[in-house]
Amino acid sequence: MATPSTHPFNCSRCANHNVSEFAIYEPTDNWLIVYPKIRLIHAHLGIATWDDRSSTEEAAWIQATLEKIYTQHSPTTFLIFVDLTRSDDSEFPSRKALKIYAEIFKHTQTASMVLYGVSTAMQGIIQIVLHLSGAHKKVQVVKNIHQADTCFREWSKKNKTRAV
Ligand SMILES: [Zn+2]
């Protein structure tokens with residue numbers, strides 16, 4: 001598949017970055033980028049998965065991509081934006097995927113996650129993952145990217161951003 005030439009999502013921070021700087025997962029059109037100096041990761045997720053296998057494979061890709069970033073910048077912790085605005089209500093992650101998401105939530109280098117664009121069905125799924133991971137304090141659900149930016153600014157102030 002040809003590399004897409006434009007970002008399929010709205011984000012003013014990411015709009016300034018070339019397509020080549022993103023890790024892209026084509027099956028569901030996920031775009032992930034790290035801003036190491038400010039300890040921020042943007043995960044702009046795409047379409048919903050369609051069966052257990054695609055769900056597990058997507059989760060495994062997200063985990064492997066984050067693991068690469070975490071290893072490269074160890075032991076730095078990151079705040080992760082998870083943009084779910086492009087997915088619909090059709091998704092229900094596989095059991096394996098739920099386990100993988102719980103591992104991501106509770107990873108020591110995952111300082112905090114801010115999810116936005118969350119559908120009603122997704123809210124329920126997030127509750128399940130929170131239950132599995134026990135990482136309630138790390139995860140916030142907000143309405144839009146502007147509120148996510150506010151969370152990021154507050155977190156940065158508290159955690160004194162340092163360059164890596
Ligand atoms: Zn972005």
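Me: Axes are lines fitted to C-alpha atoms, for helices over the stretch in contact, and angles run from 0 to 180 degrees between N-to-C directions. At what angle do H2 and H3 pack?
Reply: The model is predicted: local features need pLDDT of at least 70, side-chain atom pairs count only at pLDDT 80 or more, and totals for chains, interfaces and linings use all residues. Residues are numbered from 1 along each chain as its sequence is written. Helices are DSSP runs of H or I, at least four residues, numbered from the N terminus. The axes of H2 (residues 52–72) and H3 are 8 Å apart, and the packing angle is about 20 degrees.

Me: Is H2 roughly parallel or roughly antiparallel to H3?
Reply: H2 and H3 pack at about 20 degrees. Angles under 35 degrees count as roughly parallel, over 145 as roughly antiparallel, 65 to 115 as roughly perpendicular and the rest as oblique. The arrangement of H2 and H3 is therefore roughly parallel.

Me: Which residues of H3 meet H4?
Reply: The axes of H3 and H4 are 8 Å apart, at an angle of about 65 degrees. Contact requires C-beta atoms, placed from the backbone, within 7 Å. On the H4 side it involves Ile-128, Val-129, Leu-132 and Ser-133. From H3 come Leu-98, Lys-99, Tyr-101, Ala-102, Phe-105 and Lys-106.

Me: How far apart are the end C-alpha atoms of helix H4?
Reply: H4 covers residues 120–133, which is 14 residues. The expected span is 1.5 Å times one less than the number of residues, so H4 should span 20 Å. The model agrees, with its end C-alpha atoms separated by 20 Å.

Me: Which residues of H4 are buried, and what arc do they cover?
Reply: A residue is buried if 20 or more other C-beta atoms lie within 10 Å of its own, exposed if 12 or fewer, and partly exposed in between. Thr-120, Gln-123, Gly-124, Gln-127 and His-131 are exposed on the other side of H4, while helix H3 (95–106) is among what covers the buried residues. Those buried residues are Met-122, Val-129 and Ser-133. They lie on the same side of H4, because the arc, taken over directions from the helix axis to the C-beta atoms, is only 30 degrees.

Me: Which residues does Cys-11 touch, not counting residues up to four places away in sequence?
Reply: Cys-11 is found in the segment before helix H1 (12–15). Cys-11 has 19 other C-beta atoms within 10 Å, so it is partly exposed. Its C-alpha atom is separated by 9.7 Å from that of His-146, 135 residues apart along the chain. The residues Cys-11 touches are His-42, His-44 and Ile-145.

Key:
Helices (H or I, at least four residues) and strands (E, at least two) are DSSP runs, numbered from the N terminus. Two residues are in contact if their C-beta atoms, placed from the backbone, lie within 7 Å.
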